[in-house]
Amino acid sequence: MSYQVPKFRHPGLPLNELGYTKADYEGAISTLCAGCGHDSISGAIVRACHEMSIEPHKIAKLSGIGCSSKAPTYFLGNSHGFNAVHGRMPSVVTGAALANRELLYMGVSGDGDTASIGMGQFAHAARRNLNMVYIVMNNGCYGLTKGQDSATADRGSATKKGDPNIYSAIDLCGTALQMGATFVARSFSGDKEQLVPLIKAAISHRGFALIDVVSPCVTFNNNPQSTKSYEFVREHSEATGTIDFVPLKKEITAEYQAGQSYEVTMHDGSSIHLYKVDETLDPFDRRSAISTLEEHRYTGNILTGLIYMNKDSRDLHEVMDTSQRPLNQLDEADLCPGNKMLLNINASLR
Amino acid sequence: MSRLESVNDFVIKFANVNGTGSASANNLFAKAIFRMGIPVSPKNIFPSNIQGLPTWYEVRINDRGYLGRRGGIDIALSVNPQSMAQDIREVEPGGYFIYDNTKPLDLRLLRDDVNIIGIPLTQICNEQYDDPRQRQLFKNVIYVGALAALLDMDFKVLTALVGDQFKGKKKLVLPNIHALELGHQYARTHLDCPIGIRVEQSDKVGDKILLDGNTALGLGALYGGATVAAWYPITPSTSVVEAFEKYAKRVRIDPGTGQRNYAIVQAEDELSAIGMAIGASWNGARAFTATSGPGVSLMSEFLGLAYFAEIPTVLFNVQRAGPSTGMPTRTQQSDILACAYASHGDTKQVLLFPSTPKECFDFGAMSFDLAERLQTPIILMTDLDLGMNDNMSEPLAWDDERKYDRGKVITAEQLESGVEFGRYLDVDGDAICYRTYPGTHPTKGAFFTRGTSRDEYAVYTEKGEAYEANMLRLLRKWDTINEHVPPPITHDCGRETDTAVLFFGTSEESSREALDSLAAENIFMNAMRVRAFPFNDEVQKFIERHKQVFVIEQNRDAQFRTLLMAEFEFGPDILKSVLCFDGTPISARNIRKQIKKHLNGDNVLPLHRKIASIRAGESQ
């Protein structure tokens, strides 16, 4: 069951540039378990979209099947949503994005939905550099079917059921890099200060932007033997750095330390400032990103933050050279060649 | 020895090696006949192979305009030693076997009731050409030249065709005409020309065109306003999207910007292909995918979503012989049930059955109007025979005044003016509800599309009553759909009769011919061609008017008959089956034979004999 959020809001809630409060970006009341990491991610999405002053109806939120894929009901209530079939959200987004290049496509998926049943579609959406934000709410287990291991569960990690996982884990960030994603980040549902700017940067990025968010399952996978519990992730996270998102038109007021700070202008005119912490990582170099990920895997730490961004990314529409006017706005005059051409075709077939 | 004699009425079969360039030469022959004003029906019988395996090209030439397979071969032209034994065996008594006699014919293959004609094709080529590729290519053209002499064809038509075929590649015209002349000259000098079978200029073609159904479908999608095509390559549907692309490249480039007013994605599999089509349709673009049997199996889950969530979807299914990989390059109508009830749970899908390239074009374009008007998948059911063979067809036409029917869509202005919006609210009483496109209005009209149960306002619910009400509305919607799909076409035989035939798609031509030949034996039957599912009430009334109705179809299990029984509750006492499922298009002789067998009372057979009798009929 989903519930409608009560309509009453504090009259003093801050408005964004469009005059909307944060409540205008919220959805129905969550039916996920109390303490579920996914709800924090929903909150981060709401905050990011509100702060960026995106018109709510200019976003389309799409998902597959699973706990994570239920989440879009719980944010952006004024946006169209699409709960597709299990593992097939990327193809639906691809079609939707081709039909209308002007909307922002927010895909939400889980580790089962992405790393198992939807691995093929995930890989190919990355490969096509589809212009979308792809958020994986990654908890290493199947919640709705009561706690089976997923393909992102680390070898040796155990859910509440107790049997350690015997297979190696799929690293979605590594996979996305291999497949050609042009923006790859990892975060933690419990670290909103890191997650919100990452979501903003992903939204501003033109191309396939993956954020793999470790999001503990409080019911089945938050036990001491798990590597996806709140405690384990807090203790073993290592951030690549921190980023600030500076929207277009906003004056840059903060002072940035030279050498360790990068400013990147995004295609929509906004910019992000990246403060590097990890000395070995060059987040604009794919080889460096891949080797840094491998290093952290070797040491058993979870690398979070922005891992890779291609500043010269060209998305699917640019590569295909499709019309600037969205395809769904073309009419008979644009699309139908008329009877005269058929007369010529007929003549050539006699 | 007897020899078959006929003018403008015969079947010729070319036996070639796949990948040797024979297709264009054989095409040249068929098109030349067509240009002489004689109805022609060529059928490519090809292997799942790129090079080396036997391939055939069967051409029916018939002045009376019968375009289906007749059955039997009057002339075999064999340049493939691999298949020679089979090729000579198939020739009708009194028929002709033309072969490359550079190597002598194996004496064991000889038949004394067939006229054997040898042409030293390899020898001629070896003398004329040094380049091995040229030897191979021109061999085909040389036999077409020889045939022109043997059948008394108008040689000028052939040379003019070569000119047209190589327009823009002038260098190729003369060598091809030279090769034609080589064959023509050889036949006239060394052989008795013409043979008993020959052609004469006629006027039975009118303004018809020669076109394959897949190209017609691609054009239908183009004219129907499709902007997104997502597909995965699979024989025999591949050329649908290729045709769409070919014409889109010509006419869908924005003159101002040079950018494309279309998008084509070759997906990673069929699941993804239909997912993309659904995503694009959901977002207000006209989108389609094309596939064949195995693809339909993969798409089934999404078809259920599109049915239940009511998302316009256009799927072109070019059927081939299944199950599984089956015979991927042979024809069948065997996805009827898989498509009619595609997906788990209670589903019913709209099917369209075109039978000519003109109908492929018309129904192809219509599919987009229907999908958006009815908010459900439209599955257009064609097959390899119609899709990949050149079929004689009425010319294509488009009414320039025609507007696309975009269905029930609520705009921002309507939302602003306070129109009540519930995505699954049956406002008009026809069980079709209004939708909004994503991005319509900042605060009104957004909804959540889902494959889970929901209420009339698209809010998730597990309440039994709400689920049931929705499923019942979908059933009422089925009745509305019935009023929109193309009605059947009835042919009354003009005599008192209580028997009839019912068919669809590519069985039309052979059925028509079989009925004519039965009528010549004083067996009169009415006929109906069904063009869509849901079945129109007319279909029910037609069956009820008769004691016996033969359902003609190209699959083993009488799937169409099963569908009729399921929808109307007719019993096996009324509906009889005429089947063909050997992968070749059903022939007129086969239909006639099976119907006569039934009428003679042979239909009450023990099961093992029944199976044997089907087998006997299958390759006729």
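Me: Where is B:Asn522 found in chain B?

Reply: Elements first. Helices (H or I, at least four residues) and strands (E, at least two) are DSSP runs, numbered from the N terminus. B:Asn522 sits in the loop between helix 16 (508-520) and strand 20 (526-530) of chain B. This is a predicted model: local features need pLDDT of at least 70, side-chain atom pairs count only at pLDDT 80 or more, and totals for chains, interfaces and linings use all residues. Residues are numbered from 1 along each chain as its sequence is written, chains are lettered from A and ligands numbered from 1 in the order in which they are written, and side-chain values use heavy atoms, leaving out hydrogens and water.

Me: What is the phi of B:Asn522?

Reply: Phi is positive, about 65°, although B:Asn522 is not a glycine.

Me: Is B:Asn522 buried or exposed?

Reply: Cut-offs first. Buried means under 20% relative accessible area, exposed over 50%, and partly exposed in between (1.4 Å probe, protein chains only). B:Asn522 counts as exposed, at 60% relative accessibility.

Me: Which loop holds B:Gln375, and what is its phi?

Reply: The loop between helix 12 (357-374) and strand 15 (377-383) of chain B holds B:Gln375. Its phi is near 50°, positive in a residue other than glycine. B:Gln375 is buried, with a relative accessible area of 0%.

Me: Which peptide bonds to proline are cis in chain B?

Reply: Read omega. One cis bond joins B:Cys193 and B:Pro194, with omega about -10°. B:Pro194 lies in the loop between helix 6 (170-190) and strand 8 (197-198) of chain B. Another cis bond runs from B:Phe533 to B:Pro534, with omega near 15°. B:Pro534 is in the loop between strand 21 (532-533) and helix 17 (537-544) of chain B.

Me: With which residues is B:Leu147 in contact?

Reply: Contact means heavy atoms within 4.5 Å. Leave aside neighbours within four places in sequence: the partners of B:Leu147 are then B:Ile12, B:Phe14, B:Phe29, B:Leu77, B:Ile98, B:Asp152 and B:Met153. B:Leu147 lies in helix 4 (residues 132-150) of chain B. At 1% relative accessibility, B:Leu147 counts as buried.

Me: Now chain A. Which way do the residues of strand 4 point?

Reply: In a regular strand the side chains alternate between the two faces of the sheet. In strand 4 of chain A, A:Met132, A:Tyr134, A:Val136 and A:Asn138 point one way. A:Val133, A:Ile135 and A:Met137 point the other way, and all are buried. Strand 4 (residues 132-138) is mostly covered, with seven of its seven residues buried.

Me: How many bridges join strand 4 of chain A to strand 3 and to strand 8?

Reply: Two strands pair if DSSP finds at least two bridges between them. Five bridges join strand 3 (residues 104-110) to strand 4, and the two run parallel. A:Gly110 has A:Met137 as its bridge partner in strand 4. Seven bridges join strand 4 to strand 8 (residues 208-214) of chain A, also parallel. There, A:Val214 is the bridge partner of A:Asn138.

Me: How many helices and strands does chain A have, and what is its radius of gyration?

Reply: Chain A has 12 helices and 13 strands. Its radius of gyration is 21 Å, close to the 20 Å that the globule rule gives for 350 residues, so chain A is as compact as a globular protein of that length. The radius is taken over C-alpha atoms, and the rule is 2.2 Å times the number of residues to the power 0.38. Of the 350 residues, 58% count as buried.
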